[in-house]
Amino acid sequence: MRRLLGNIGGSLLFPFVAIVFSFAIGAVIMLATGYNPVAAYAALFEGAFGSPASLGRILLYELRLTDAAPGPQDTASLAAIGRTLVNTTPLIFTGLAVAVAFRAGLFNIGGEGQFFMGAMAAAWLGVALGFLGPGAIPIVLIACGISGFLWGAIPGALKAYFGAHEVITTIMLNFIAIFLTSYLTRVPLDREGVLPGTEPITESAMIPILGAGLGLANYGIFLALLAAVAAYLLLWRTKTGFELRAVGFSPGAANYAGIGIGRNTVLALAIGGAFAGLGGGIEVMGVYGNMDLPFVRNVGFTGIGVALLGRNHPVGVVLGALIFGALASGGQQMQFDTQVPLDLTSVLTAVILLFVTATKLVELILGKRVRELAAGTRLERGLGS
Amino acid sequence: MDEILVTIGAVLAATIRNATPLVFAALGGMFSERSGVVNIGLEGLMLISAFAGVVGAFLSGTVWVGLLFAVGAGLLFALIHAVMCVTFEADQIISGTAINLLALGGTAFLMVIVFGQGGTSPDVEKFDPIAIPLLSQIPVVGRALFDQSLLVYLMYVMVPITFFVLFRTPFGLRLRATGEVPEAVDTAGVSVARMRYYGVALSGMLAALGGVYLSMSLLSSFTEGMTAGRGFIALAAMIFGRWHPVGAFGAALLFGFGGALTIRVPPEAIPNEFIQMIPYVLTIVVLAGFGGRAIAPAAVGKPYRKE
């Protein structure tokens, strides 16, 4: 348990500083451009988590403590939470894709492409196996995982057997995956509608929505949480996970102990890819029901921020995904209520990313003793090695 | 026969137009990486500069102010990268990713602030083609190579300049040494941090030229996300060109030629997507060591800490 929770104070320090900086800079930008940051952030929060008063009224009503039925404003709060859950789900997966590889000392920038490969598998097999109804869901999801696994194994093998650095190869493979899925969507799988896109998956083969006024939020969020638990168990409770972490912690020592570095390099990126692929599949099977062009972008890249904010721990990944997911859904409300352009949330995300690994900055603020706390957010090797 | 020559000329002209922004950004990336700082933020540096150029030209009515704004914006964003990576020892990959995201969100945000609308900016002045006397009269290739915008000519001279600076000046030697053995540079009394700031700053200004070429030469307006991955293709060109200016120039021409093909090859023959994949596939091939290994500067990606 202690390992699970770790040194919570230390773990939260870097993310906390990054978030505070980001919101402070966002406030400065808004003041400079003539907006009211307080109103904007209030709208952002309400758009992400609903208003506490509304949620309170709904709760009281559901518990039969009051007869006052919730009004439309109250149900809007539920819809906001639903949107946040929808945004959080894929980010948990792409965050895990980065975190698992990171534990083995590898930087997986390929979440975007792995996510696309999983989504593609779902868009194709979801339709092809649609006649199975709900029975198709597990089969398709396994296929999505395999699809991401194989796509992740490529940079793993290139690194292990040819020495090609995974950062560059995963970036390149992202584009290859995006072009490949674009071709498959546009030509062989096109439904021949106005815009290029695949056939919609039969309703019965979709991941069911949660209902209860939560909009598109679906059971995918539980699969994401299960995936986080699975990642934790894999890394800290299995021999495979021990080997992965050993390779990440000290490749030399791992090698000396007879742990194959090559094999584990391939495995780490492939497992990461499987998580991202599952995320892509669940996005198609739970939210969109098909793959349109252009498909959702930047989920994989945001996953990098999610993992780092969560210090590459599954629990942290879930929290990080929630923060970035909330930013995305709150942005719409912020734009609607206060006219602050939605894109400010991308700026906030970028600033969080900028600061989350800035070891020296946190040292300057809080003194040298925090240096060891940075351990979970950086790899010390260069790209040339 | 004439028709074939016209086609060759047109393909060559398109190749140059496609390659120009790639060459600028790839040369920029080279200065940064040669100094030991990975710069996957080239995409963002190009994007913010493309935007700043249009804003400058819009406010002033002249391309020169646009150019100044663009280079200034590229420099500013590059300095953010430098401060984070060199001074605060943040992760270089993460910082680069953040720069890309910052440029994407920041330009979309500022579009609304400056022009009152998202999407595409109003039209501004642009760098029109200037035909060079005599040279532009050369049959077939003349117009393709020498009836281009000023920025293309600047690109032509930037390749030898970069080569000269990197390999024939004390500054270039120090810069390269900083990316290979920073300890030695430090021991020799040269500040590693300062050299890296120079490298990253140069990358920002060069990438800016690539960005401003997109918005004020190829087009005459800014569109959100208009760099469309060119920063990453430039990164690929830099690697495929083995961190060498002439190599990067050649790689950018090759990738630009690929781009020119996408509008010539009938999609039934080879779908566009497969032609667009080529730069990325080739980069993986050379990184994996097929056909002569591409090797990055030894210290690239590592923060340098005196101790």
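1. Helix α7 of chain B covers residues 170-180 and helix α9 of chain B residues 192-218; they pack at an angle of about 105°, with their axes 10 Å apart. Axes here are lines fitted to C-alpha atoms, for helices over the stretch in contact, and angles run from 0 to 180 degrees between N-to-C directions. Helices are DSSP runs of H or I with at least four residues, strands are runs of E with at least two, and both are numbered from the N terminus.

2. Which residues make the contact between α7(B) and α9(B)? From α7(B) come Arg174(B), Leu175(B) and Thr178(B), and they meet Val192(B), Met195(B), Arg196(B), Tyr198(B) and Gly199(B) of α9(B). Two residues are in contact when their C-beta atoms, placed from the backbone, lie within 7 Å. The residues of this contact divide into four nonpolar, two polar and two charged. In this scheme Ala, Val, Leu, Ile, Met, Phe, Trp, Tyr, Cys and Pro are nonpolar, Asp, Glu, Lys and Arg are charged, and the others, Gly among them, are polar.

3. Before going further, a word on the model. This is a predicted model, in which local features need pLDDT of at least 70 and side-chain atom pairs count only at pLDDT 80 or more, while totals for chains, interfaces and linings use all residues. Residues are numbered from 1 along each chain as its sequence is written, and chains are lettered from A and ligands numbered from 1 in the order in which they are written. The model scores ipTM 0.89 and pTM 0.91. Chain B averages a pLDDT of 93, with 98% of the residues at 70 or above; pLDDT is the predictor's confidence in each residue, from 0 to 100.

4. Helix α11 (residues 245-262) of chain B packs against helix α12 (residues 272-287) of chain B at an angle of about 175°, and their axes are 9 Å apart. That makes the two, α11(B) and α12(B), roughly antiparallel. Phe255(B), Gly258(B), Leu261(B) and Thr262(B) of α11(B) meet Asn272(B), Ile275(B), Gln276(B), Ile278(B) and Pro279(B) of α12(B). This contact counts five nonpolar, four polar and no charged residues.

5. Stepping back to the whole of chain B, there are twelve helices and two strands, in the order α-α-α-α-β-α-β-α-α-α-α-α-α-α along the sequence. The C-alpha trace of chain B spans about 65 × 50 × 40 Å along its principal axes.

6. Chain A has 16 helices and zero strands. Its C-alpha trace spans about 70 × 60 × 40 Å along the principal axes, and 57% of the 385 residues of chain A count as buried.

7. How do the chains meet? In all, 41 residues of chain A are in contact with 45 residues of chain B. On the chain A side, α7 (136-162), α8 (166-186), α13 (299-309), α15 (344-356) and α16 (359-366) each supply at least two residues. The most come from α8(A), with eleven residues. This side of chain A divides into 27 nonpolar, eleven polar and three charged residues.

Technical notes:
Parallel < 35°, antiparallel > 145°, perpendicular 65-115°, else oblique. Buried ≥ 20, exposed ≤ 12 C-beta atoms within 10 Å, placed from the backbone.
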